[in-house]
Amino acid sequence: ESAAAFATALSTPGFTTATGVTADTGVSAAAADRWKRLAFGAAAAAVLFAAAALWGLVGGEDAPADVLRVAVPFSEGQAPRMVPFAPAGTLSPDGSKLVYVGPAVDGGNTQLWLRNLRELESTPITGTMDGWNATFAPDGNAIAYGTGGGSAQGLRVVSLTGEPPITLADSVAWTGRHWGNDGYVYYSDIPFRIRRVPAVGGDPEVVTTLDSAANEVAHLHPHALPGGRGLLHTVAVGSQPAVEDYEIALVDLQTGESRRLFTGINARYVPSGHIVFVRADGALLAVPFDAKALEVRGAPVTLMMGIPVKTYGIVDLSIADNGTLAYVSGGGATTQDVELMWVDRDGGSRPLVQGWTSAMTSFAISPDEQSVAFGRWAANEQQVWVKQVTGPEAKLTFDGAENYRPAWNARGDVVAWVGRGPGGAYQLQQRRADGATAVEVLASDERGVEQVDFSDDGRWAVYRTGGERGARDIMALRLGVDSVPVPAVAGPANEYMPALSPDGRFLAYVSDESGQPEVQVRPFPNTEDTRWLVSQDGGTQPKWSSNGTELFYLSGGELVAARIARNPTFSVVGRTTLFAVTPYLTLNPFHWDYDVGGQGQRFLFARPQSTDPPAVILVLNWVEELRRRLEE
C-alpha cells in the first residue's frame, strides 16, 4: 500500500500478506522465501551502492576503493554554460560542492552558481554577474573568481554565506587561478605573469616574470603546492605559441628558481603525491611527485583521453583533495559545432546554409550577405575561413595558431581579422577575401588590437586595443592617410565594441564606467564633444541598421532595437525588445556574437548543434584509479 510498507516487507524475512499472496501466486513457500531473500539482497545492494557513493563523495575516512562514475543532473534553468575562456566549474577541496558558470539571474550574460552535491538544486551566487574561473578557499566556504565586465573587473572574493564580494586585484587574465593553503590567491595577470595576493586583501606581488631571452610570452594556470613551497604553472613560448608546445614549469617559492618539467598544460598537484596535467590532444596524465623535495619521481602515465582543450590550454576538469574528479563530457564552447541562423524580428529562424555546421569562434556576414567569414577552431588552433552561402568554403589564414574575429570592409572584397604578431601581441591583419593577395598588417599596438569596424565610405577603421595587455580603449585610423592612430574613446574605464553608424557621424560602443556595461554613442570623429546613453540597466554588443535609424544591442538575454533620431541632434526616441537570444551563443563579454542583415529585419546568430546541456561527470575515488594505473 505504500513505498514504506514495501521497504518494511523487504526487510522482514517471514513477511506474508494477510490475504496470502504467496499461495495465490502458485509459488511454493520455499520458493517464495528464496525470492524474498533475493529481493532483500538486491534492495540491500542498492542501498549499499548509494551509501558507498555518498561516503566517497563526502570524503569518509574509510571510503571504499571502488571508482564510481555518476552524471550530475541539473534542474531546468540551472544547467552549466560553456564559455570559451574559462573552465565550466570547479570542485571544493572536500568534493562536496561544485561552483560553475550558469545562466544570468542578476543581469549580464552569465553568473556563478553553487551546487551542494548532497542536494538536488543549485543556487545562484549573488553579485557574481559575468563571473568565471572560480577557485575555492581551502575550507570550502568562499571562492575567488574573475569577472568579465564592469568597473570592478578583476579578481574578486565572495563568501558562500551571503556577504557581498570584495575586489582583490585588477587586470586579471582569464587563464586560471588557485587559492593556496598558504593564504594567497595566485592568478595570471595582464600581461600574463603569475601574481599572488593575500586572500584577506592587500598588495599583489609578482611571483614569476617572463624570460624574454627564452622567448616566453605567457605564464598561465597557476597551482600552489601545499604550504606555499612551490608553484606549478604553464609556460607559452614563441611569438605564435601553439597549445601543443606549452610546457609545465615549477617555481621554488623560497629560492625563486624556476625549471621546466615536461610538455603539457594545466598542471595541478593531488594529495596522493602526483602531478596531474593535460596534453594538447586531450590526454590526462599523472606523474609521481615529491612535494617536499620538489622532484618528479617517475615518468608520466596516460590515465584517460577525451578531455576537451580550449583556448590557452583551458580544460573543463577539476580534482578535489579527497580524490573526486569532475569533468565535462563532450566539447567546450570553442570546440562544439554551431549552425548559423537567420533570426527574424519576431524570433522566427532558418539556417543560413541548410545542413552546414562548423566549430566557429566568431563570424561576420559580408555586405551583400552572400558570404560569411568565420574563425574556426580545429587541432587546438583558430584560423579564418570564408564560406559562400551558395558555394564552397576556403581557408584564408595559414600562419600562427590564433586568427579570429573577422570583419569585412565596406566593399566586401577584403577581410580583416585579429592575429598574433611578433612579440605575442595581437594585431589587425587583412587580406582579399578570395586570397589573391598576401596578408598585410593594418594596425598594431603594444597593448594588442582586439576587434575592428570599418566606415561605409571606406575612410575610417575604428578598433579596440587592450584587454590582454592593459585597459580597453578605442582608436581611430584614416585608411591610407594616417600612419599613427588617434584615440577615439580612451578614458579610465573599459571602452570596447566600436560600431560606426552608416553615415559615419556617430560611434556606438560599450563602456563600463557606471559599474556595468552600457551602450553609449558619441559624435564622430569629434568624440570629445558629447555622448549619449542608449541602453538602460545594462547593454552590450551594439550594431547599427543599414540606414542608421536603429541601434541594436543585447540586454538581459534579449535583443533590443533602439530607434534613433539624428536631426537636429542624436536622440533615442524609443526602445523595442525583439526576442530572447537564449537559444543562441551570446556568452562573449567583449566581442559581437551576432550580425545584422536584411536592412535590420533579420539577424545572424550561432546556434549550438546540440541543445542538450553539457554533462558534468563525477568520478568518485578517482585517485584509486590513478594509483592502480601508475602501478601497472
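Let's start with a charge resting on a ring: arginine 196 lies over the face of tyrosine 184, at 4.0 Å from the ring centre. Such a charge counts as over a ring if NZ of Lys or CZ of Arg is within 6 Å of the ring centre and within 35 degrees of the ring normal. Lysine 387 does this too, lying over the face of tryptophan 356 at 5.7 Å from the ring centre.

A word on what you are looking at: this is a predicted model, in which local features need pLDDT of at least 70 and side-chain atom pairs count only at pLDDT 80 or more, while totals for chains, interfaces and linings use all residues. Residues are numbered from 1 along each chain as its sequence is written, and side-chain values use heavy atoms, leaving out hydrogens and water.

Now to the inside. Buried here means under 20% relative accessible area, exposed over 50%, and partly exposed in between, with a 1.4 Å probe and protein chains only.

Phe570 leads us to the aromatic rings. The whole structure has 17 aromatic pairs, where rings of Phe, Tyr and Trp (its six-membered ring) have centres within 6.5 Å, and planes under 30 degrees apart count as stacked, over 60 as edge-to-face and the rest as tilted. One of them is the tilted pair of phenylalanine 506 and phenylalanine 570, 5.2 Å centre to centre with 50° between the planes. Phenylalanine 506 lies in strand 40 and phenylalanine 570 in the loop between strand 45 and strand 46, so the pair ties together parts that are 64 residues apart in sequence. Strands (E, at least two residues) are DSSP runs, numbered from the N terminus. Phenylalanine 506 is buried at 4% relative accessible area, and phenylalanine 570 is buried at 3%. Phenylalanine 570 also forms a tilted pair with tryptophan 532, with centres 4.9 Å apart and planes at 35°.

Our last stop is strand 27 (residues 360-365), where five of the six residues are buried. Strand 27 runs antiparallel to strand 28 (residues 371-378), and five bridges join them; strands pair if DSSP finds at least two bridges between them. Across this pairing, phenylalanine 363 stands opposite phenylalanine 374. The hairpin has five residues between the strands, and there glutamate 369 takes a positive phi near 60°.

Key: Helix = DSSP H or I, 4+ residues; strand = E, 2+ residues; numbered from the N terminus.
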